Each structure stands twice: as C-alpha cells, then as structure tokens.
2 protein chains.
Amino acid sequence: MAKKVSINDLAMAAGVSKTLVSMVLNGKARENGISPDTEARVIEIAKKLNYQPNSFARGLRLGKSNTIGLILPDISNTFYAILARSVEDIARKNNYSVIMSSSDESQESEANLLRLMLDKQADGIILASTLNNDKAIRDILPEKYPLILVDREWKDTSFPVVKVDNFNATKQATEYLISKGHTRISIMTIGPSHLSTQTDRIDGYKAGLEAHKIPVSHNLIVEIPHNDVERCICTSVFTWRSTNTMPTAIIAANNFIAKGCLNCIINNKLNIPEEVSLISFDDIELFHFSNPSVTAISQPVKEIGEKAFEELLARLKDSDYKMKNQVLPTDFIIRNSVSNIKK
Amino acid sequence: MAKKVSINDLAMAAGVSKTLVSMVLNGKARENGISPDTEARVIEIAKKLNYQPNSFARGLRLGKSNTIGLILPDISNTFYAILARSVEDIARKNNYSVIMSSSDESQESEANLLRLMLDKQADGIILASTLNNDKAIRDILPEKYPLILVDREWKDTSFPVVKVDNFNATKQATEYLISKGHTRISIMTIGPSHLSTQTDRIDGYKAGLEAHKIPVSHNLIVEIPHNDVERCICTSVFTWRSTNTMPTAIIAANNFIAKGCLNCIINNKLNIPEEVSLISFDDIELFHFSNPSVTAISQPVKEIGEKAFEELLARLKDSDYKMKNQVLPTDFIIRNSVSNIKK
DNA sequence: CTGAAAGCGCTTACAG
DNA sequence: CTGAAAGCGCTTACAG
C-alpha cells in the first residue's frame, strides 16, 4: 500500500472539489443536496484508494480529538487493569480512543500526565487521583474542562466522582465479623493516608464497631506504607503478640495488604484463620485460589469504568450537562478466611 | 486558567514574530542567532501564560506524533498488563506516548485497531498479534511502516519480533518432569492453534520427550478452546480416567490453562500433585499463593516490552535501521505442583 | 538578529 | 448541485 492518501487525491481522482469529498465522507451529502451518483462515486474511490482521514488535520480544524485521557495509579495492578479495559471497551463502542497512563501514586507525575493529556488534546479525562485537593488540578486544567474522578476523591471536591460505597461496605464487613464473635478487630489501611478510599473505609469500620458498642482502639488501626507492605504487617503482628494484644480479625483495606497477610502465612509468620481472621476490601482472582481462600468485598470494577465514561460522554455531547456522582454497591463474597469464634 | 494560549498570543505579548517564538520554544535560538535577551523574555512569557503547544498542529506540520500504538489481546490479563506498563514507562522516558488497545483475540478487531492507530498517526506499532500471516497486516500498513511483533509471531514472518524461547523452555520443563520419573506427560495448549507461542511449545515438548526416547502420544496433546477452558480440561481428565490413560503430569501451555487445572482441584475433580503433576508456562502471582503453589516457567515480561520499544525507537530515529529479532531467556520456578514418582 | 509567507489536511461558511 | 477560500496552530525555508 502506498502512503498518505489525502482528501485532495480523492477530489482529483473523482474530478470534484475537496469540499464535496469532505461533505460526502462526513455523511453530509444528503443535507447539502449532493446527487446520489456523485456521492456513490466518491465513496467508491475513497474505498479503493484506502483513504484514511488525517486525524491531526481533523482535530486541529475541529478542536476536538475524540480521545479521552485515563490516568490510573498503575495499570499493571489487576483492579486498574480491569477498569482500564472497561473504559477502553465502552469508549471504542462510542467511537472514542483512550490514551492511558500510570501515575505510580506520585502527585508530581499525575500533574505531568494531566498536562500531557491536555497537550494531546484529550476531550476529557477520567482520573483515579492520588491528589487530595481540587486546586492542584484546577491549576492545570482549562476552565470548565471535563474531568471525572473514579475510585478516589477527597472531602468537598467539586469534581464529579464514580466510586463504591466504601463506608457501608466496610461497616457491613465489620458487623459480619462481629456476628462471628469477633470483637478485637483491626483495620489495616494503605498509605498515603489521605486517600478517600482508605479514610472512608476506616470510618465505616468505626461505625460498625460503634453500632455494637465496641470501643475503637487506636492501636488496631494501622497504616501500612505502600512501598513496604509485607514487612510492616509482620512488624504489627509481632508487636501485637509481644504485648498480648493480638486482634482476632483483620480487615485489609485493599488487596495489597490482604496479599501481604497471605504472604505472612506462607512464610510461617501468621495463621489464617486459626490465629486471625481476614477480610479483604477488593476481591481479586487470587483470593479464590489462595489457601485459605479469602473472604472479600468485591467491587463492580467494570461498572465503575462504564459509568464514568457515560457521564463524561454526556458532558462531551452537551457542555451544559452536569455530571452526576455515582456510588455503586459492592458484593460480599464469603470464603474461608474468617473463623467463627462465638462461644 | 484560561483556554488555549497559542504561539501567536506569545508573539503578541512578547512583541516579536511567531517564527521567533517557535524557534525559541524548540531550542533553536542558538543556531538562529537569537539574542539571549529575547530568548529569555519569550521563555518567561510562555511560562507565565502557561503555554501548551497544540500537538495536532505540530503533528500535522511535522508528520509525526511522538505516539506509538500498542495492540494486545487483552490488557486486563496480567501478562499483558505488565507488558503494557513496561512499554508505557520506557516510552514516557523517551518522550513518546502510547495509545493501547485490546484485540480480544479477534483478527477483525486487530485489523480495525491497526487502522485506528494509523488514523491517530502513531509513528510506529508494537503488536501482539492474533493473526498468522504477513499479508493481512501489510495490506493495512503503509509501505515500510515501522511495526514490531511481541510475544507471538508465525512462520516466515518478515516483521521483527521480540519473544521468549518457547521451544527450549518447554523442552526443559519436559525434561524436568522426566527427571522426576514422569513418562506419561500431557501438554494442553490454548486455541486458536496457529499461535506460534503454542506451536513452539508443543515442538519443545516433543523434543523433550524424544531426547529421552519417549514416544509422542497424540491423545496427550490436547487443545483447549480459549472460551471454554475449565470444562474442556475436566472433559479431558474424565476421558483419560475412563480409558485408563491418565497422564502423570500436565504442562499447561499458558496461565489460563494452569488456572483451569487449579479450579478443577477446588471443585474436587482433580488432585494435584498427587494424581497429576502440573507445570505452567507463564508465571503469575497467583501461582505463588495457590494451593498447591505451581511450578512455572517465568517470562521476562518487562524486558519484552522494553526491548520491543528500544528496537522500534531505533528504527523511528533512523529509517534505515533494521530492527532485530530478540529471543529472551525464561526462568524456571520450582514450587509444589510436581511430585517425584521415581521408584 | 528578525519577520512574512507558505503549507501540513481538513471543514465550513459563503457564493453561485 | 458544486467550488473557491479561509483558517485551525504550528514549523521552516527564504529574505532581509
């Protein structure tokens, strides 16, 4: 195949003007009263010459790219990989492309990525942010630029967000543990600690305890830095044991922590569920196969991506549309990592 | 922040021509003998006005986008998610963006994606193809368009490819089983069967058997359709058992099949490694946590992505550069899914 | 040391 | 029913 067929080449080949060609190709033959013959001929020739519109020229002219940006902490993490896939699928169905990137939990690279997406003329952005305030984002974005948050947000954000009901899901998990006789329940969250997913889960956990008049104990709420998960879990366990304050159950506030706990088993540092029960917030395939299999709160990952795109799309089609917040329900999958210690 | 600052705005603000602004912004002040004062002033103003070049205009003018396309069967599959991440990282380091998409093992959507990437003016493409011949691709691509295959290829392809030594890795795994006393060894591959990753692995398996004078038995080579993995594995096991031809070991030619085997355990349809030993081609995190943990051939996924990008980049920088094939070595990770049945 | 002009490929008023 | 012209924002000969 030869290179670069332009609208001009088509016009020459068809013996018409490029205006006409452009109209035909954009399905505006009808409304401009172009004769069906001419229309058919142009389409025919375009097909034969394997014409591909130059999206740069088009984008430059139209001021839109039919591309959206997707910024995630890390696409190689299963949760985000599935999210990315669902956005990709629904975007393609709607004739949008996606350009995605990983921020690696770095606020600085998130800012750079935002600029990059703008530079690439993304029409809108879906963002799982590691930031914690609107200003940092507003400073980068043009006014009224369409952006929607997924998964994570922060207090009083003015951006729309699609997320899961972190508070109630954790509250229910906590109450489930209580119903199995647990009262010394720990929650392990992942740092950085400002992430709304984590704080909301802590709040839900506290609410669960309070509903059953169980006092909240602050040395049962532990924050694990995201770059040293396993060692810190072991350290906590060690401290609890040596001070005789071991909880009977742990709620892992994300899948990394739950995996860290499983690794402690493998290294013979912890017994689940005999010594301590475990519930993971966020379910991944691994928890179905692990030993023990892990009771988990499952998020509708695919729906999160789809809803976010749908909101964004509505806004893209109508600049007056106000994107709505969406809070999606979770599932609770009971497996074998929680023991019943009711007397 | 306001919208759209163009090079013209900068020129006005600085009281110079846009030619000059463009030169300064592209670091060509020196070579065009622009006075340092002027240069500094322009840069200053660009910064103050938060200037972002319009990449469409730039791309249109320059005929290049600094974007590469990445087409994978499925980014939500761990193997490809990690590959995608590694390409993304190295691309960004080199000032390229990546636009990626999943083909879902469909030849038709792969073709569409190829066209899409061209349409988006990708400067080059990295492709894990589900196709099986050059022509289908050549028909879409402009002549001499830079494309490099990863993971999969086919006989006599003229495209460069970065992959793993499928043949020898499987041969070694087979010989490892033999060294543990296994002689009835099955290999389960995933359909569609033309994929080079699968055929090369079968060849390696045969070579391993032949090296030890073990005859190849065709009902031990089974192809599992990719959309019905678990049921077909169970069916095979059932057939083997009822005809008293059960193998003592299975080589799963990819991680889906190995997971399918693990699921058979969970559903009480198979005992590993007591009844049958298991080795997986392709190692995923899950195999470390599963019960039993799975002995696996581990691929240098990150390196595959990096090498592919490096080759592509070399070609992008020098259109005379001939991209080279790369065959990367694998690791063999011994875990607990293989029993020793030597008498 | 600096600027006017052309052109990348497209779409869209505008005119006939 | 169809075409000539302008312009999106940029870069690069070319001229001075």
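Is K144(A) buried or exposed? K144(A) is exposed, with 9 other C-beta atoms within 10 Å. Here a residue counts as buried if 20 or more other C-beta atoms lie within 10 Å of its own, as exposed if 12 or fewer do, and as partly exposed in between, with C-beta atoms placed from the backbone. K144(A) is found in the loop between α7 (134-138) and β4 (147-150) of chain A. Its phi is near 65°, a positive value in a residue other than glycine.

The model is predicted: local features need pLDDT of at least 70, side-chain atom pairs count only at pLDDT 80 or more, and totals for chains, interfaces and linings use all residues. Residues are numbered from 1 along each chain as its sequence is written, while chains are lettered from A and ligands numbered from 1 in the order in which they are written.

Chain A holds 13 helices and 12 strands. These are DSSP runs numbered from the N terminus, with helices being H or I of at least four residues and strands being E of at least two. The domain assignment divides chain A into domain 1 (7-53), domain 2 (66-163 + 301-328) and domain 3 (166-299). Such bounds come from an automatic or database assignment. Between domain 1 of chain A and domain 3 of chain A, the C-alpha centres lie 63 Å apart.

The C-alpha trace of chain A spans about 90 × 40 × 30 Å along its principal axes. Its radius of gyration is 26 Å, whereas a compact globule of 343 residues would have one near 20 Å. The radius is taken over C-alpha atoms, and the globule rule is 2.2 Å times the number of residues to the power 0.38. Of the 343 residues in chain A, 46% are buried. Contacts require C-beta atoms, placed from the backbone, to lie within 7 Å. Among contacts in chain A between residues at least 6 apart in sequence, 70% join residues at least 24 apart.

The chains meet at an interface. There, 39 residues of chain A are in contact with 39 residues of chain B. The elements of chain A that give two or more residues to this side are α4 (55-62), α5 (78-93), β2 (97-102), α6 (107-119) and α12 (286-289). The largest share, 6 residues, comes from α5(A). By class, the side of chain A that touches chain B has 19 nonpolar, 11 polar and 9 charged residues. Ala, Val, Leu, Ile, Met, Phe, Trp, Tyr, Cys and Pro count as nonpolar, Asp, Glu, Lys and Arg as charged, and the others, Gly among them, as polar.

The same surface serves both copies, and 100% of the contact residues of chain A recur in chain B.

Some backbone details remain. Most residues other than glycine have a negative phi, and most peptide bonds are trans. Q121(A) is not a glycine, yet has a positive phi of about 65°. Q121(A) lies in the loop between α6 and β3 (124-127) of chain A. Q121(A) is buried, with 23 other C-beta atoms within 10 Å. A cis peptide bond joins N291(A) and P292(A), with omega about 0°. P292(A) sits in the loop between α12 and β10 (295-298) of chain A. In chain B, I272(B) and P273(B) are joined by a cis peptide bond, with omega about 0°. P273(B) is found in the loop between α11 (255-266) and β9 (277-281) of chain B.

Conventions. Two residues are in contact if their C-beta atoms, placed from the backbone, lie within 7 Å.
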